[in-house]
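Hi,

Here is the structure I said I would pass on. Have a look at it first, and my notes on what I found follow below.

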Amino acid sequence: MTLPDGLIDVLRSARHICVLTGSGVSAESGVPTFREAQTGLWEKFDPQQLATPEAFQHDPALIWRWYRWRRELVARAEPNPGHYALVDLAARVPQLTLITQNVDGLHQRAGSRDVREFHGNLFVDRCSVGDCVITGADMRVDVPLCRECGGRLRPGVVWFGESIPADALRAADNAAGSCDVFLSIGTSSLVWPAAGLAEIAQRQGASVIEINPDATPLTGQSRFAISEKSGVALPELVDSLAL
Ligand code: NAD
């Protein structure tokens, strides 16, 4: 892979890199992206229609079956070279803020710290009624119930139409608003408000770099666009920084 001219110089002089990752980063770990065809049992469902509060209201047992399937799939997956390269990159720059739209925890399992989870985490449970704190719920039933209030438990992820956790949103806005390099990796740049972070960074003068094998609405706006899988491009980029 040939890296675009000037890219390594921009990274070497960066004081603060803000990284936004999407489900493409985990694709090489075997975790399907939303926009790719789902497999087996779930291929007849549109994931964008399962990941909504309305779908949970309508058929919570179905939604739990889907999330249990995703939990099992992710539990079997391992971080890939792209996840590990981001751990190395963080060690090479004065400051790196990692914001992820992924709910799979693979960045953390690779060793990344202070990961800002924009869309929650697949392995966390939440009460769908109140703010009860949930631990050790009985998962052997179709729809687990909250021990505190008896309400239905739901997966602790952000569904379409729901708000981003306030602390993650604040951290992301601050990082995009103050970084000198913004790296958008493996995201379709279609899901808001995450898709707006690159523009915040660009407006205050940061260089935007995209890594994605396919074109997105961000590709034409980026200073550098690398059309490659993140598990290939990221290790190469970090190795080049070390030379
Ligand atoms: P998306 O499904 O909309 O887009 C995925 C992007 O990744 C596409 O642009 C695709 O071209 C790119 N891609 C595919 N393989 C790649 C690779 N090997 N390297 C780099 N890029 C690759 O995903 P999104 O933009 O993250 O947004 C959709 C929502 O899906 C998010 O809210 C996220 O929470 C959720 N989601 C998360 C996971 C996960 O946690 N792993 C999986 C599926 C969906």
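I99 has R116 in strand 3 as its bridge partner. Strand labels here, like the helix labels, follow DSSP runs (E, at least two residues, for strands; H or I, at least four, for helices), numbered from the N terminus.

Before going on, the ground rules: this is a predicted model, where local features need pLDDT of at least 70, side-chain atom pairs count only at pLDDT 80 or more, and totals for chains, interfaces and linings use all residues. Residues are numbered from 1 along each chain as its sequence is written, and side-chain values use heavy atoms, with hydrogens and water left out.

Back to the strands. Strand 2 (residues 95–100) and strand 3 (residues 116–117) run parallel and are joined by 2 bridges; two strands pair if DSSP finds at least two bridges between them. Strand 2 also pairs with strand 1, again in the parallel sense, over 6 bridges. In that pairing T21 stands opposite T100. Taken as a whole, the open sheet has 6 strands in the order 3-2-1-6-7-8, with parallel pairing. Strand 3 and strand 8 are at the edges with a single partner strand each, so one side of each has no neighbour in the sheet.

**Cores**

By nonpolar core I mean a set of buried Ala, Val, Leu, Ile, Met, Phe, Trp, Tyr and Cys residues joined through side-chain atoms within 4.5 Å. Buried is under 20% relative accessible area, exposed is over 50%, and partly exposed is in between (1.4 Å probe, protein chains only).

The largest nonpolar core has 27 residues, and L7, L11, I17 and I185 touch the most other members. The elements giving it two or more residues include helix 1 (7–12), strand 1 (16–21), helix 6 (81–92), strand 6 (181–185) and helix 10 (230–242). Helix 10 provides the largest share, 5 residues. Another core lies apart from this one, with 25 residues, among them L106, L122, I134 and L153.

Not counting residues up to four places away in sequence, I185 touches V19, L20, T21, G22, V25, L86, I211, S230 and L234, where contact means heavy atoms within 4.5 Å.

**The ligand**

There are 26 residues around the ligand, and R35, Q101, V103, H119 and S188 come nearest; a residue is near if one of its heavy atoms lies within 4 Å. An N or O atom in the side chain of H119 is 2.5 Å from an oxygen atom of the ligand. For S23, a polar side-chain atom lies 2.7 Å from a ligand oxygen, and for D214 a side-chain N or O atom is 3.3 Å from one. On its own the ligand has 850 Å² of accessible area, and the protein covers 93% of that (Shrake-Rupley method, 1.4 Å probe; for residues, only the protein chains shown count as cover).

**A few single residues**

- D125 sits in strand 4 (residues 120–127) and counts as buried at 18% relative accessibility. Its side chain makes a polar contact with the side chain of R71 (2.7 Å). A polar contact is a pair of N or O atoms within 3.5 Å; within protein, one must be able to donate a hydrogen and the other to accept it, and residues adjacent in sequence count only if both atoms are side-chain atoms. Leaving aside neighbours within four places in sequence, the contacts of D125 include W64, R71, I134 and L153.
- D138 is in the loop between strand 4 and strand 5 (153–157), and is partly exposed at 37%. A polar atom of the D138 side chain lies 3.0 Å from the backbone nitrogen of R140.
- S189 belongs to the loop between strand 6 and helix 9 (197–203) and is buried, with 13% relative accessibility. Residues up to four places away aside, S189 touches S184, A195, E210, T216, P217 and L218.
- E78 is in the loop between helix 5 (60–76) and helix 6, and is exposed at 51%. Beyond four places in sequence, E78 is in contact with S29, L106 and R109. E78 and H107 are 29 residues apart in sequence, with 10.0 Å between their C-alpha atoms.

Cheers
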